[in-house]
Amino acid sequence: MANLDVVKLSTVVKEKEDYEQRFDTPTKENLPVVSRDDDPVIKNIISAIKQVERKMQADSVKFDFDILNTDSHLWKDINTPPPDRSSMRYLNWLQRTKLKLEEMDFSALETESRAYKIKRFLHACFRNIEVYLQAYGTNETLEYKDVKEELQKECESFEHESQTDCHEQEKELVTIMQEVINGIPEDEKSNPDINKVIQELEDEFKERGKNSRFLIFVKRRMTAIKLADKLPDILHSHHLTGSCISEEQGGLSVDEQTDVIERFQSGMHKCLVATSVAFEGIDIPDCNMTIRYKLDANVITSLQMTGRIRKKEGKGLIMGTFKQYHKETLNIERQYIMNKSVEMIVNNNDNQALAKELDKLQTDTLKKEEMKRSTRNAITKKNAQFELHCRKCFMFICKGNFLRSLLECHRVVIDIDLMDTIKTKPLKKKARFFDGLVKKYKVEGPCCHDWGVILAKDDVNMLCLSQDDIKVYNTSENKYEKNFRKWIEFPFEVDEMTEEEFLNYQKLVKLS
């Protein structure tokens, strides 16, 4: 209420009977998952994770830590991972320790080359473990062949990166992953939970007929895409994913999302398998059943997913673990408390006291926002010297004075010598035109890691860096800056490229 500047709540009172006749609360049912005892894929994945951990804990790695001048908690963290590799605690350990590595100063090592190698190797280990954890999740929601396909794709990428002379042990990580891939059984129907979902859809379709609409909610884009392909042909299922991720990674543009939803409304698609993008804003009067497929939900997302069911006598199915069912019970209790709270506010006659409380909340919120804004402005106005490094291996890319802003939203490098060291790869889709620019190729550095793309302006190629692929080193303070998700959060001032700078760069490109 404070955020929306609302001082009075309104609920359905006069037409409550008519409302209840038109819309009723859908029933909720639990679909227990089928336990797969002695799953060979899970065993191999956990075994591979432990092997990678031992690689990180090797004596050769410890030696490099021993000669550091500063005491480090990083080595202790590397040696004390949580025992349950499939737990949230383990994932938190992985993310926390990986971030410590990225922000650690290795300048005390004997040579720059040595520091580069140890940081690159440890980062490769963490990334390998991340891939195994993703494969673990894929195995829970999809088939063995999908796990194999995902690991093969990642293994090819790691194999390509290990071609450099940086670290022989990277090749050993590739060997471990290849062994996991070779150990995956050739079983087309390895996940009985998918069969259970299909059975529920077919039974409901037989009962409701061609006007049926189904929504299946999943956590990952890959699950949405693959699961949609496995459902019965009669449903003409399609995936619905967000636009914040590129098409190459399974994202759909806003226009593509609109087209999919319109086809769903018209009945061309009877079923959508969707990520969180479909939690709200989709109004399908004929939607009669949702399935929450192994997806955690809080009280808000639980309400949002239930709200997608618009047809009378609708049904909401939840397929998950005992822990997820217990969480849903808590969600229902919180929804009850929320409804009672709304009722109390609606019936509250002391409007002055309520307005005073809301005013206090607004004042406190404004103060917090102002503090955040001030902090953010202070960060973006840094004028210290900095360097850009590869986030995956910390290889030097360029000095900060070569970085320029282009059209206020792209960051390009005007170091002409750097263009001779990078390698280009074709885009999976044809070149894209936007803002008078052409996105032509993907770019990787000499380290074989992705750095960004080639953008062309007036037929002049420029390296456009991706914020996901770089690490910023503050040379004034001798430390790495924290990661950032958007260029607007970049911690240093970056000048907009002038027309004169572009013309000079254009001349250098022609001379090279």
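Guide: A residue counts as buried when its relative accessible area is under 20%, and as exposed when that area is over 50%. Keep these cut-offs at hand, and keep in mind that this is a predicted model.

Visitor: What is the relative accessible area of Asp-38?

Guide: Asp-38 has a value of 61%. Since the cut-off for exposed is over 50%, Asp-38 is therefore exposed.

Visitor: How many salt bridges does a search of the whole structure find?

Guide: The general idea is that side chains of opposite charge can pair when their charged atoms come close. In this structure, the search finds 25 salt bridges. One of them joins the side chains of Asp-38 and Lys-43, at 3.8 Å from N to O.

Visitor: Which side chain meets Lys-315 in a salt bridge?

Guide: The side chain of Glu-204 does, with an N to O distance of 3.3 Å. Lys-315 belongs to strand S6 (residues 315-320) and Glu-204 to helix H9 (residues 192-208), so this pair ties together parts that are 111 residues apart in sequence. Both Lys-315 and Glu-204 are buried.

Visitor: Where do Glu-328 and Arg-292 lie?

Guide: Start with the contact: their side chains form a salt bridge of 2.8 Å, N to O. Glu-328 is in helix H13 (residues 322-346) and Arg-292 in strand S5 (residues 287-293), so the parts tied together are 36 residues apart in sequence. Glu-328 and Arg-292 are each buried. Elsewhere, salt bridges with shared partners link Lys-423, Lys-425, Lys-442, Glu-444 and Asp-450 into one network.

Visitor: What is the order of the strands in the open sheet?

Guide: In general, strands of a sheet pair through backbone hydrogen bonds, either parallel or antiparallel. Here four strands run in the order S8-S7-S16-S17, and their pairing is antiparallel. At the edges are strand S8 (396-399) and strand S17 (479-480), each of which pairs on one side only. Strand S7 (residues 386-390) pairs with S8 over three bridges in the antiparallel sense. Within that pairing, Glu-387 stands opposite Lys-399 of S8.

Visitor: At what angle do helix H7 and helix H10 pack?

Guide: Helix H7 (residues 144-161) packs against helix H10 (residues 221-230) at about 140 degrees, and their axes are 12 Å apart. Roughly antiparallel would need an angle over 145 degrees, so H7 and H10 are oblique to each other. The crossing of H7 past H10 is right-handed.

Visitor: Which residues in H7 meet H10?

Guide: Lys-145, Asp-146, Glu-149 and Glu-150 do so, and they meet Met-222, Lys-226 and Lys-230 in H10.

Methods:
Residues are numbered from 1 along each chain as its sequence is written. This is a predicted model: local features need pLDDT of at least 70, side-chain atom pairs count only at pLDDT 80 or more; totals for chains, interfaces and linings use all residues. Side-chain values use heavy atoms; hydrogens and water are left out. A salt bridge is a side-chain nitrogen of Lys or Arg within 4 Å of a carboxyl oxygen of Asp or Glu. Buried means under 20% relative accessible area, exposed over 50%, partly exposed in between (1.4 Å probe, protein chains only). Helices (H or I, at least four residues) and strands (E, at least two) are DSSP runs, numbered from the N terminus. Two strands pair if DSSP finds at least two bridges between them. Axes are lines fitted to C-alpha atoms, for helices over the stretch in contact, and angles run from 0 to 180 degrees between N-to-C directions. Angles under 35 degrees count as roughly parallel, over 145 as roughly antiparallel, 65 to 115 as roughly perpendicular and the rest as oblique. A crossing is left-handed if the near helix is turned anticlockwise from the far one by less than a right angle, and right-handed if clockwise. Contact means heavy atoms within 4.5 Å.
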